[in-house]
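Here is a short briefing for a reader who is meeting this structure for the first time. Please look over the sequence and the structure before going on to the notes.

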Amino acid sequence: MTAPNELTAAEAVTRLQAGSLTAEALTRACLDRAEERKSVRAWAWLDPEQALAQARIADRAGRPGLLAGLPVGIKDVIDTVDMPTEHGSPMYRGNRPISDAACVALLRMAGAVIMGKTVTTEFANRFPGATVNPHNPAHTPGGSSSGSAAAVADFQLPVGLGTQTGGSVIRPSAFCGVVGYKPSFGEFSRSGIKMQCHNLDTLGLLCRSVEDIALIRAALIAIPPRPVDRAISAPCIGICRTPAWDKADAATQRLIETTAGQLAAAGARVSDAAFAPQFANIHEHHRRIFNYEAAHNYAYEYDVHRDQVSQVLRETVLAPGRELPLAAYVEALETAEAFRAHLDDIFTDVDVLLTPSAAGEAPEGLGSTGDPSFNSIWTLGWTPCVTLPAGRGPQGLPLGIQLVGKRFADEALLDAAAWVEARLHG
Amino acid sequence: MPNIEPYRLPAATLARLIHGGEISAEAVIQSCLERIRDREPVVRAWTHLAAGAALAAARDARSRGGILGGVPFGIKDIFDSADMPTGYGSRIYTGCQPAYEASAVTLPRSAGAILLGKTVTTEFANRHPGPTMNPHNPAHTPGGSSSGSAAAVADFMVPLAIGTQTGGSVIRPAAYCGVVGFKPSFGLFPPAGMHMNTDSLDTVGIMARTVEDIALFRAALMAIPYEALTLPERPPRLALCRTMHWDRAGPEGRAVLEAAAKQLAAVGAEVIESELPAECTDISEIQRRHSAFEAPRNHAPELYRHEPLLSADLREGRIAGGRGLSLDDFRAACREADRARAAATQWASGFDAILTLPAPGPAPKGLADTGSAIFNGLWTVLQMPCLTLPIDRTADNLPVGIQLVGKRYADARLLDVGLWVERRLGARQ
């Protein structure tokens, strides 16, 4: 029998609701695993008694709600009223927000146990936190949702919240070998999440199955749950190598080609999908919006507490963002809008796009969390994305494949992802 | 030094006098504080006044640097401030102290401005009103949700103030109080630290008493170099747009708009009657759906812990309305908004600005209702820059203004046109 901490969220909720598992036992199993595996350093805040107290309350109340006492970890750029929120920065050490973020309150309303806060890079940007890759501690877990990815991969937690402005949900999920999901822009409330880039920041999920996404998504949007449809007919899949293709290593390029072949053999109609030539430099437009908006949204940090902001953030993001001419930013906003319309057009021919989740395996070293090139375009495109674990690379670390859906067709993307998942591992 | 109380001077003049050493920043702050002391018991524009800190900042020599060196400003209490309490106009958060401050607090300070305090907002920048009155006639609403900012600027308590607009919360109170109000293109002023009302609509906006002050304040809020406004080389081409809601406009509002159109034509502007494209027909309904759908989600923290402390207005209005909408309703509204924006952008490229109403008319009587946003919500959804200018007064001494709207992202050009119009129509202060 699977240990409780190894259950997926959907499996755990089934047992919690049936009464064959208590929230306390599940939470304790996760806490025990976290204690045993402290060396992963996934947590920014974890108070076992605080988590267990919530679990006991859920148990006493009969485990109500869609999530019935399921533990969820919260990336530490998301406000929690009863736990510190430090944004991965010494500037906010011990910070106690005056309210929960909307997503945290929605999880509580659905009966979740808020287990603790997971490590983020500094302000969900690039200066890394302490977390290591649970598969090999010499390698980065990816970022910025480092702790959520590592904790979920390491069975310390069934579900973690993350945020993505460049590639901060999908990339760490792929590096750690878990399922990651970034919804269509605008569907998950961002209230109470530290604002980095208002045109890019997207709340996302890190978990261990496609069903888990459907479940948590219902709680976060406060809509009735819609189970993943596993009986869909074979989808039309576009292979999208993207303008970043040359950045992918050989193993990743091969993975995409072989996966496409496998899925075609399983009945999917597979074709090539490419961006129109005017979007060849779409990464540059993402970079402009990223730098410009971060430089203005982090005004308090940059202008008032500059000595507490990392040099890498100051020099590679905030200073260039302040210097970028307004006209260049506006041009990027307008290009992004045209790009989104272009993506809608691409989805008239295919149901989902198949593309790398990252350039390769998690790189060695903890100094950099890796390259977001295969993610930032979709963050800019506001499209829903799922990454699925897809075997191991030459260094023995996880690889992922990414599926991208049409904006606001998140349900269809999850159905297609389940179809793909079944063929990859079936 | 002009022979006039400093509190009456616009920000650009104050900045120049302070920079030139003709007046001290401290004297300016003192003057505004005295004005507030005299008038606040009636107007009730402020939730928190940081008199000591503002004076200390003014005595600091550094406050003479920057494009707004030593100039005081106020900010709506919907923005987080690290050194002043933040209450969001809600009983739930009264007296709370956030750990960080909104970019809209920091950036003017970085430009040398001095934050005088926090101004009254309706509950969470929604409809449930605060205590503020219209300074021109205390029996009337100042409008909302940026009630305190509009009233404080109108009443010469402070030359500059910041508000937010999700429906009509900058332009409408500015018009009701007779000040210049500006809502930029969506997203051009950084939103960090603004309490979220409706993510897809919330826009930081500003108020002042001249168009030049708006341009100066805008540069500070965007951390961009200040370039003086330039009058258009030839008289502007204006679309006179009565909108699909013309039947909701009152006689004073209509009369002021029609008269302004005639006067501007008389001084050389090309005024063409033009209505929004067909894709924009349902734009006000789109606005309603956006803000309703987000309400029960964004207010989840309050609904979870403090539901009885929310006003009935909010619970039975937007929150209940949002619960009645499906995700697909919201998605359809997003898609319709995209189409409407594309059509409106094309339409607006044919003009230097659109001339329209900022509100149905003067501020309604009573403080219980902040007035209708029907002439604002559409432009908020369309993400277009908006500028309201005071034009006239009613027999009850209430201001009536006009609204100029620009093509999205052509904010600087809108202000140039605004300056041209301001010079010709010269508001009666």
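The model is predicted, and the values given here are computed from it.

**Two helices of chain B**

- The axes of helix 9 (residues 283–298) of chain B and helix 11 (residues 312–323) of chain B come within 7 Å, and they cross at roughly 95°.
- Because angles of 65 to 115 degrees count as roughly perpendicular, helix 9 of chain B and helix 11 of chain B are described as roughly perpendicular to each other.
- On the side of helix 9 of chain B, the contact is made by Ser291(B), Ala292(B), Phe293(B), Ala295(B), Pro296(B) and Arg297(B), while helix 11 of chain B brings Arg318(B), Ile319(B), Gly321(B), Gly322(B) and Arg323(B).
- By class, the residues of this contact divide into 5 nonpolar, 3 polar and 3 charged.

**The second largest pocket**

- The second largest pocket has a volume of about 620 Å³, and among the 31 residues that line it, Arg127(B), Gln287(B), Ser291(B), Arg318(B) and Ala373(B) lie nearest its centre.
- Helix 9, helix 11 and helix 13 (377–381) of chain B are the elements that each give two or more residues to the lining of this pocket.
- The lining of the second largest pocket has 18 polar, 7 charged and 6 nonpolar residues.

**Chain A with chain B**

- In the contact between the chains, 45 residues of chain A meet 41 residues of chain B.
- The area buried between chain A and chain B is about 3700 Å², with carbon and sulfur atoms giving 60% of it.
- Within chain A, the residues that lose the most area to chain B are Ile98(A), Tyr300(A) and Phe408(A), which together account for 18% of what that side buries.

Key. Residues numbered from 1 in each chain as written. Chains lettered and ligands numbered in written order. Predicted model: local features only at pLDDT ≥ 70, side-chain atom pairs only at ≥ 80, totals over all residues. Heavy atoms only, no water. Axes fitted to C-alpha atoms, helices over the stretch in contact; angles between N-to-C directions. Helix = DSSP H or I, 4+ residues; strand = E, 2+ residues; numbered from the N terminus. Parallel < 35°, antiparallel > 145°, perpendicular 65-115°, else oblique. Contact = heavy atoms within 4.5 Å. Nonpolar A, V, L, I, M, F, W, Y, C, P; charged D, E, K, R; others polar. 1 Å grid on protein atoms, 1.4 Å probe; cavity = no way out; pocket = protein on both sides within 12 Å on 5 of 7 lines; lining within 4 Å. Points joined across faces, edges and corners; volume = space filled by probe spheres on them. Buried area = accessible area lost by both parts, 1.4 Å probe.
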